[in-house]
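The exercises below are meant to be worked with the sequence and the coordinates side by side. Try each task before reading the solution under it.

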Amino acid sequence: MKASLLVSQVLNGLATGMLYALMGIGLSIITGVLNIPNFAHGALFALGAYSLYTVIQLVGNFWLALALAPLGVGLLGVLIEYGGIRPLYKAGHDYQLLLTFGLSLIVTEGIIIVWSPVGMSQLPPPVLRGGVDLGITFYPKYRLFVMVAAGLLVLGAWLFLEKTRYGAIMRAGIEDKEMVSLLGIDIHRLFTAAFALGCAMAGIAGALTAPIRGLNPWMGVDMLGIAFVVVALAGLGNLLGSIVAGLLVGVAQSLVALFWPEASVAVIFAVMAAILLVRPQGLFGIR
Amino acid sequence: MKAWLAILAAVVLLPVFVRHAIATEIWIFAIFGLGLNLLMGYTGLLSFGQATFFGSAAYVAGYLLKYYGINLFLALGIGVLVGAVSAAVVGYLCVQRSGLYFIMLTFALNQMFFFTAYQWTTVTGGEDGMPGIPRPTVLGLDIHGPLAYYATVAGLFLVSLWVMKRIVESPLGKILQAIRENEPRAEALGYDVSRMKLVAFVVGGAFSGLAGVLYAMLFGIVPLEAIGFVFSGNVVFATLIGGSGSLYGPVIGSFVFIWLSESVSAMWARWPLLLGVAFVIVVLFFRGGVVEAWARFWAWRAARRAPAGARVDAPR
């Protein structure tokens, strides 16, 4: 095997791994704060990609689209939390989960109706087309950009959660909701904010993915499973864990794709199963 | 007793009113739902990966039926076995974590089986499914005809329902309910909670496996969807519509679900949208399912008829 191929596959793995981490962190915030495994997370990922596509069609500006797509998905998140999840606070988490499952069907079918069931492709912006010579291998500019952009977003999420007041409230919400509301914090507003933030992260992950993998209505399905894997391995609200788990899964997947492409998706879950056999609590999990 | 009479009447009357294939599918889905409800309703474990066992059993038994022409009893036995064994493997990983992690793990492992089936095209046919599955002859009886096959499935459903009734009323069933009500307490009483959960998982898997084989023989094909996560979600939903609190809930739920989805899927290609809307409406407004809505209706009527001052409050 040529070294250049190996290097570019590892880089591919790091780029997709960063996106997995982004998905995982978004899901982790929602699951941690609201106690719901958001089954609509994959569908919202797809919606982010389609929003990017449409804004580019309308305005022709990639950067504006990249900013608007997560904003739109985040706003939808506010609506979902307000209209659907809030009335179910007392009903129990099973029902909130089923609600998000129903919503995932609605969003996916909505995408098919509004756009089309046929896959589409999206070019990166002109600045990011073509490749860069890294010495050992040529590598597409856009993928490097995704690596950096996703990395910055993860860093931003870390700064937000660790260094700001609101982030501290959110972390406290993951630890102990009752205590947070006893301290006089509006826990319902916290829930809405956390849900919207998580949805927006899924939206931007989808938008960043569109120029790499193209778009189809079911693009979120395997992403949802991967996001669950990242959370199960990292533990709720664990940012560092999510990054490590995301990168691990991404690199494992792209390396397996080199010699056994058919198994490249199944291997993600096999990696998870293997890790959980040795460490049932996950890589860093305490709970 | 009254419930059994109603179910017997339904078994006899159903093929008169709906197409045989749909009637058969209803009882198959009910068997699938019974298995899930042991987890969801009785143990309090929401499994989002029941299609794993359903689909695995359908593929393995379907393969053996197709290429080795095994007989019916062997096919059913293998289906139950594959369902139980795959559930034991998946369950072993899942019961180590609780709550949300448990749900996410059942789903993630479901995805693993799905993508394996999707890519292993030489055996499963991938997206095209595995067609050409025969219905074998049993003891000289021909079950090719739709009505004969319906009778076979309905009989197996009645047996499954009886077995499940015995299980939930047995000491094991009581322990599972104790786990649902208060897990730390069940543990403090000396029960090995994760082992009991695993037992529930394996029994539920065996029921799913039986349903999977019957499904494969009904349509003569194992479609890829049979192992997909939407299928797992559907059985959760069907059980929920029926009411997960009772033994008969999944039976009623599967009747409503199959009948509804067969009627709307004939009307519109985008019917999963309607299914999603139905999910949301049921969850927001009819959480107790048909069984509870029925009980509420009768309590409401009783309250209206009762003289003032002797009013009975509706449950919840």
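Helices (H or I, at least four residues) and strands (E, at least two) are DSSP runs, numbered from the N terminus. This is a predicted model, in which local features need pLDDT of at least 70 and side-chain atom pairs count only at pLDDT 80 or more, while totals for chains, interfaces and linings use all residues. Residues are numbered from 1 along each chain as its sequence is written, and chains are lettered from A and ligands numbered from 1 in the order in which they are written.

**Exercise 1. Describe the overall build of chain B.**

Begin with the secondary structure: chain B has 14 helices and two strands. Next take the radius of gyration (over C-alpha atoms; the globule rule is 2.2 Å times the number of residues to the power 0.38). For chain B this radius is 20 Å, close to the 20 Å that the rule gives for 316 residues, so chain B is as compact as a globular protein of that length. Along the principal axes, the C-alpha atoms of chain B fill a box of roughly 70 × 50 × 40 Å.

Then turn to burial, where a residue is buried if 20 or more other C-beta atoms lie within 10 Å of its own, exposed if 12 or fewer, and partly exposed in between, with C-beta atoms placed from the backbone. By this count, 48% of the 316 residues of chain B are buried.

**Exercise 2. Describe the surroundings of V222(B).**

V222(B) belongs to strand 2 (residues 221-222) of chain B, and it counts as buried because it has 30 C-beta neighbours inside 10 Å. Leaving aside neighbours within four places in sequence, V222(B) touches A58(B), Y59(B), G62(B), G129(B), M130(B), I133(B) and A216(B). As a distance check, V222(B) and A306(B) are 84 residues apart in sequence and 54 Å apart in space, C-alpha to C-alpha.

**Exercise 3. Describe the overall build of chain A and the setting of N35(A).**

Chain A has eleven helices and two strands, which follow one another along the sequence as α-α-α-α-β-β-α-α-α-α-α-α-α. Its radius of gyration is 19 Å, in agreement with the value near 19 Å for a compact globule of 287 residues. Of these 287 residues, 53% count as buried, and of the contacts in chain A between residues at least 6 apart in sequence, 77% join residues at least 24 apart.

N35(A) lies in the loop between helix 1 (3-34) and helix 2 of chain A, and its phi is near 65°, a positive value in a residue other than glycine. With 17 C-beta neighbours inside 10 Å, N35(A) counts as partly exposed.

**Exercise 4. How do helix 2 and helix 4 of chain A pack?**

Two packed helices are described by the angle between their axes and the distance between the axes. Axes are lines fitted to C-alpha atoms, for helices over the stretch in contact, and angles run from 0 to 180 degrees between N-to-C directions. Helix 2 (residues 41-59) and helix 4 of chain A pack at an angle of about 25°, with their axes 8 Å apart. Angles under 35 degrees count as roughly parallel, over 145 as roughly antiparallel, 65 to 115 as roughly perpendicular and the rest as oblique; helix 2 and helix 4 of chain A are therefore roughly parallel to each other.

Finally, list the residues: G42(A), A43(A), L44(A), A46(A), L47(A) and Y50(A) of helix 2 make the contact with S104(A), V107(A), T108(A) and I111(A) of helix 4 of chain A.

**Exercise 5. Which helices of chain A supply the side that touches chain B?**

In total, 37 residues of chain A are in contact with 32 residues of chain B. Helix 4 (93-114), helix 9 (219-234) and helix 11 (266-278) of chain A each supply at least two residues of the side of chain A that touches chain B, and helix 4 of chain A gives the most, with 14 residues. To sort this side by class, count Ala, Val, Leu, Ile, Met, Phe, Trp, Tyr, Cys and Pro as nonpolar, Asp, Glu, Lys and Arg as charged, and the others, Gly among them, as polar. The side of chain A that touches chain B then has 27 nonpolar, six polar and four charged residues.

Note on methods: Contact = placed C-beta atoms within 7 Å.
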